[in-house]
Each structure stands twice: as C-alpha cells, then as structure tokens.
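Dear colleague,

Please find the structure below, followed by a summary of what was found in it.

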Amino acid sequence: MHPVLIIEMSATLQHAVHRLLKASGHAVTTANTYEEGLEQLKDRNAVRRYAAVIFGHSVEPNRHANELLMRLRLPDCRDLPVLVLTHVTDASLLDWTTRRARTALLLWDDHADCVDCLSKLLTASAKREQLVSDKQHIRVLFVDDSPTVRASFKRLMMQHGYEVDTAASAAEAMEKAKQHPYDIAIADYSLPDRKGDDLCRQLREHPLTADITIAIITGSYREEVIRDSLDAGAMECMFKNEASALFLARLAAMSRAVSVRKRMAAEHQRLAGILGSVGDGVYGVNRSGQVTFINPAARNILGYGDQDHLIGRSAHKLFHHTHEDRTANPPEDCLLQQAYSAGNELRAWSTVFWHKSGMPIPVECTVYPMQIKGQLEGSVVAFRDITERRILERELLWQANHDPLTKLYNRSCFEKQLESEVSRLKRSEEVSTLVYLDLDRFKYINDTAGHAAGDRLLVEISQQLQSRIRDCDMLARLGGDEFAILMHNVDRERIFATAESFREILDQYTFMYGNRNYKVNGSVGVALIDRNTPSPGDALANADIACYIAKGKGRNQTHLYCAENDQKVAMNLELGWSVRLQEALRDDNFVLHYQPILALAGLDRGDVTDQTGNLWRQMSRTSPHAAPHYEVLVRLVNPRGEIVYPGAFLPTAERFGLMHQIDTWVLTHAVKKLSELNKLGGGATFTINISGHSLDAENLAPLLRSLLEKYQLAAGSLVFEITEASAIANIDAAKRLINELRGFGCRFALDDFGSGFSSFFHLKHLPVDFVKIDGQFVQGMGTNPADRAIVASINDIAHSFGKRTVAEFVESAGVLKMLQDSGVDYVQGYYISPPSSDLPTIDLRRPDAIGHA
C-alpha cells in the first residue's frame, strides 16, 4: 500500500481518481486547492509522508498552481514520483513534465489508466534507486593469463573503488561477460587461446556484451599492436610497465565515458517511460517529416506493433497521405507536412490519420516545433483518437434537432428550415405549403388513459404521418400534440387535397391501448408560402390561425388560410390575447407557482422510492432543517378561474412586446413572497426566469436594487435563470446584465444547457454559477445510453469550469439514481415535486443546500 496525495480542485474529478486508487489498495490523502497542496508538501518531512503525488493541472492560469510546480522541482521533492492529469496538453506543461525526473503526463479523458501509470512510476522509482546504488562502482573485467599480473592489477583497481573480476583466457572472459554486466573489460593482447583484439571483436559482436567499453593492455609498444587493438574497437591501449598513476588516469577517463553513457541511457529510458505512460499518441519527426520516435499509444491507435519498423519512414506516407473523403493529400498541400518543414505550431487541429488496416481515424493533433540551441531540428506531434467524441457530437447535434419522444424534427429545427425555405422562395416562382396539425382528443386520452398512453399515441401518429410524406418534405413535432409539415414545390391546385389526406389518416386511425379503442381526430390548418410571404413567423402564424378556424368549424376539419377572409380572425386572436395579458398585468391575474430544487448531497439512496411527486415532502419530514430552494414559475388565471400555462400566452407576449412587463411583475411578486417566507425563518432561495427581451432592459437592475432595499432581502437568496438560446442570441447584453446583478450578490443559472450546439464555448465565457441540463437528455437517461453519456459529460465539463449542475425533468426514481451516480449536484422535476402555488414554511439551513452552498 502506497500513500498518495491527490491535488485537484474539482470535487468530481478528485472523487473519480480517489475511488480508483482506493480500489487498488492505495492510502489516499486529498487537497482541494493548490494552497492545500503546497501546505501538504511544505518541507522535507512532509514530502516523505507520500510515495507519489497526483496533480490535477488547472485549465485556467493559477498562481498557486505555478508555485506548486516550482515546489515539485526543488531538490527535496525531486525523488517524489508525480503523475500530472490535465484536460489539455500544452508546450510548457509538456516541457515541465519532460524535464522533471519521475514524472508522467495523463489526460483526464484517460484517467481510468491512472492506477497503471502510477504503478509504472513507483516501479521505475524503485528501479532507479537500485540503479543509483549500482552506479556507485564501475565493474571491471581484467583478462590476463598471468596470475601475478591479474592479482596486482585487481588489487590496484579495487584500492581506487572499482569492482573487479578476472579471467585467465579469452574463452573464460567471454563466458563471464555474457553472465555479468561489466562496464569495462581490459584484456591482455597476448592470451593463450587467442589475441586480445580478437576477444575485443567477439565482445563487440555479441548482443549481451556489445555495450562493454574495452581496452587492450600489452607489454609491447609496437605500432602494429596498437593499430590492431584500436581497429578491433578498443577505446584505449594500455601498457603493463607504465606508471600506476597513468594506468589509473586512463581507467578514470574510460569510467567517465561509461558514466556519461549510463546517464544518457537512463535519460532515454526516462523519456521513453514518459512517452509510454502518456495516453495520447506522440511521435517526433525531423524537418523532412521522417519519424524519429513514436510512443506505444501512437502505435496502438494506428495499428502498428513493436515489430513494425517506423523510424526513418515518412510520417506523411504512413499516417496522413489522404483526406477523409479519400482524395489525395499531396505533401506540398498537406498542412502537417508544411508544419514539419517550416517549424509552424498547430494546436487542436482536427484531421484524419490512417490506420495500418487502411481505415481512417479522426484525430485531434497538436504540432510543437522542436528547437535545439536555437535551430529547428524537427517537430513533436501529440494526437488523440476522437472517434468517440465525434459520435457524441453527432448525437448532440441530433438531440438538438429532434424530438426525443417521436424522433421527429423539433420546433427549433423546423423553424430554421422554414426560415431557409422562405428565403429560398424569394428568388423562385415555386410554391410551398405549411401544414399545421393539432390532435382533437389528445387531452382526453392523456387524462383518462395516462401519460404513457399519450406518449405512445404521439409516437404512433408520427409514424402514420411519416408514411405519407415525400423524401423532400419535413415533418416535425412542434410540442404537445401539435405537428407541422413543410412541403416543398407543391401544385397550387392540389394543396387542399394534400392537406386533407393528412386529416383522413387520423380519421381512419384507431388507437388501441389497455384493451380499449380510441378514435383520434385532428384539425388541420394550411398556409401557402411563396415569394410574397413576409417572414417565417407569418407563415407559421397563418397556418396556426387556419388550424384555429378549423377547430372552430367543429374540429376534424381542414382549413386553407386566405388573407382576405382570415386576417380579421388573426387580428382578433392576437389582439384578444394582447388585451387579456394587459388586463392580467393591470388586475394581478397572474399567479406564481413554485417547484422545489433538491440538493443530491443531502439525499440518502435509501430515501429514493418509486412514489412520484412525494420526495420533497418526505425529505421535509425526515430532515426538517434544510434551506429550501424553488424555481418560480408564472401562470395566468383566466376569467373562469382556470390556470393557463405559459405556452399559451408567452408567444403573444413576445410578439406584442409585453415580456419585460411580465418579467417585472414576476420579479416584484417573487421578491415580496421570498421576503415574507424568510421573515418566518425559512432561509429560502428563489430561481427567477428572465426572458431574452429583458436582458438589455435598462431599468431591471435599478428595479431589483429598490426591491431588495424595500423588502430587506439578501441578494444571495436570488438566482436568475436565462436560457442558453437567449444568452447566445444577445451574448453582450447577457454578460453586462449578469455582471451587474452579480455585483449585488445575485447568482445566475444557464437554462436548457445542451440544447444549442455551441454550448461549451459559451459555458466557458458566460459568468454563470449553475448549469441546468436540458431536460430532454435527462428524460431519456433511463432508456438511452447516449443520453446518460451526454448528461455525465455535461456535468463533468461544467464542474471543470467550477459550475454546479441542476438536472430538470426528473420523473422517476431510476433517473434520479443515475443522476446521483453521475455526480449531478441538484435535481427538480415531477418525481421530486410538481409545481404548486403553496410553499411549506420550513426552516432548513443545511450547508449542502443550494441557497447556502
């Protein structure tokens, strides 16, 4: 068992390595900051407590991390094996690792190999200690047929610290040399069984003795003897009758040469050990692009074994001779080949390398120019196989564009395609059609047969519709029970009949579930799209209005939008909603609902049951002292006292510029409610959504300041939530608002993270505290391994940036347990508790609660 110190700021990454080391029998100590790491290694006695250190390198510049690297280079730390774990390999870190003895570099992607890597370091360290012990004396084999001469020279050399063995003949010397590791052999020129120069040649030619430094000793000064000895490979020609001091001086010169050779061999072995322990492929080339070295990982990735001779061969001809589309990549056009010859640096460049079998491997590579005494001597290339990352990226892209339930395109993707089609038709005489379809009895089936029945119905309907569309058309689920079909280049005379055929599919379809049959109908709205269509929004609104009119005709109808006849209906619909929203703002007809957010750190796995919607109440009973956290949700109350959900009125609010007024209403009432709750000793935290329309509102910050002062509320009890899409659309305004409100002490969450394909870039640059993982990935964790991998990846990356994670749409005990295993910090969803207008008056101040973390 070896005592190991782990220095890593990310709790998730630290835990992952800690678990691996403990399972391998190591005694583990952890340091959560670089300052703690420095304290653990503050002096020689502290250093001696550990057999090795695992150091998590910071992505961002960090003064204490640099001090720690300097500390590990000091003499009292130089014998301590160090394994560096990093997200990115850069030139300075690679240089530090290469220059420091007993050091290896491993990427976090390959952290599962850290136990093997550490074992190699510890084994190599033990071997080095033995090697240091062995190097204290030079081992000499002295060969002469005279017992007197052998005894005399052996005594002389041993008096000066040499280990000496003797042989009386060339045959005896050869046998001893093959069995023992001698550094120097000194052989008499005139031996009874052969001449000394012949023994020299024999030692040189045998692989077990080829590294021995050889000298010939003779009693003759003849030029022929000296010439034969040197030609045979002897380093020195020594004489029996010369002064002992001269003999010892010649022997010392040979010993220095042996020591230099051993140090060089040890350094080569150390560098080879580093290259062998790095999970990335690494190879070196000269300026012509010929391979000068290659590590085992590179051979493994590219399919080459140890028996494949790669040194001296062209890297271009071996690895990157062809593009991914299998077109030639000639050397004069190849970016890598040009980098080799010009000494250019390339960072994180994505390309393909070719496997020995002829298959392309997507890689990300970095080229470092290699300068020796100011002269370009070649380049070092580090690369990694990104096949799995590509698969994940494609999966992320697919998820961003598709509905997870029906696998159809989602609203976001459909709107982008609609925008493209409207733009295309501006330059064409063609006509396209947008068909908007809304199921008429979906709510009844959903309420009577359950959500599982509703989900299956949506899947079966999508399959029915998919069977009728052309390859060039696009079918999407817009949300709920609403579908849309974009049909390209249609015949004006056939538009209504085509749309009617989709309604007939539903009319003829019977849904069977739980031994019952259900008739399913739908209302269909149709809108033409041509060069005169003002915008994609107008096209979608027209189809939506046509569907509304079809429903008004008694449902199960198809209606083709006609501007002359239907414009008044459209205006009345929009104006009607606009008036209702303004009246709701004036008369306080909005209401706030609250959904709990639960900290997983305080949840025991035994508390997780199969009973949905009761976990928050159960936790409140068993732990009556935790600070609660809620997301604030807005609802509209219609004249009949019914709750209207945001999907019905927010689009109209956005079109009529009412979102900022609604945000103001929500903020004002939420702050007042939170103040009332906390005066009862609740210590609660609220998350409040801010729409994209309010990001650049000038009065939002002053309003918040006045509300905090009026209600004597701590700004730290407020978390403002903005969606990833709105933040990206107005990133400068988002940064300004976040920085301004964070100045008060408020915090921020980035909602729907993962729904946009540029998420990771913006996560790095947006100063948010929490990341809310897009619910579509969370919902799919129970059945889709890709969704589980995506959630785990988002969680790990968010943690590496110092942000905490919240998983939405947690609807089952199984998904909750998977989130616990993934290391997610907080959860919310119907399994925890549905939103409610009631707030429990509980007083909990646990340090793991989100409001006080």
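The axes of helix H30 (residues 785–800) and helix H31 (residues 813–822) come within 10 Å and cross at roughly 40 degrees. Helices are DSSP runs of H or I with at least four residues, numbered from the N terminus; axes are lines fitted to C-alpha atoms over the stretch in contact, with angles from 0 to 180 degrees between N-to-C directions. Arg788, Val791, Ala792, Asn795 and Asp796 in H30 meet Met818, Leu819 and Ser822 in H31, contact being heavy atoms within 4.5 Å.

This is a predicted model: local features need pLDDT of at least 70 and side-chain atom pairs pLDDT 80 or more, while totals for chains, interfaces and linings use all residues. Residues are numbered from 1 along each chain as its sequence is written, and side-chain values use heavy atoms, without hydrogens and water.

Leu819 is also among the residues with the most contacts inside the largest nonpolar core, which has 80 residues. Such a core joins buried Ala, Val, Leu, Ile, Met, Phe, Trp, Tyr and Cys residues through side-chain atoms within 4.5 Å, buried meaning under 20% relative accessible area (1.4 Å probe, protein chains only).

The count of disulfides (cysteine sulfur pairs within 2.5 Å) is 0. Cysteine 365 is buried, and its sulfur lies 9.3 Å from the closest cysteine sulfur, in cysteine 334, too far for a bond.

Yours sincerely

Terms used
Buried means under 20% relative accessible area, exposed over 50%, partly exposed in between (1.4 Å probe, protein chains only). Helices (H or I, at least four residues) and strands (E, at least two) are DSSP runs, numbered from the N terminus.
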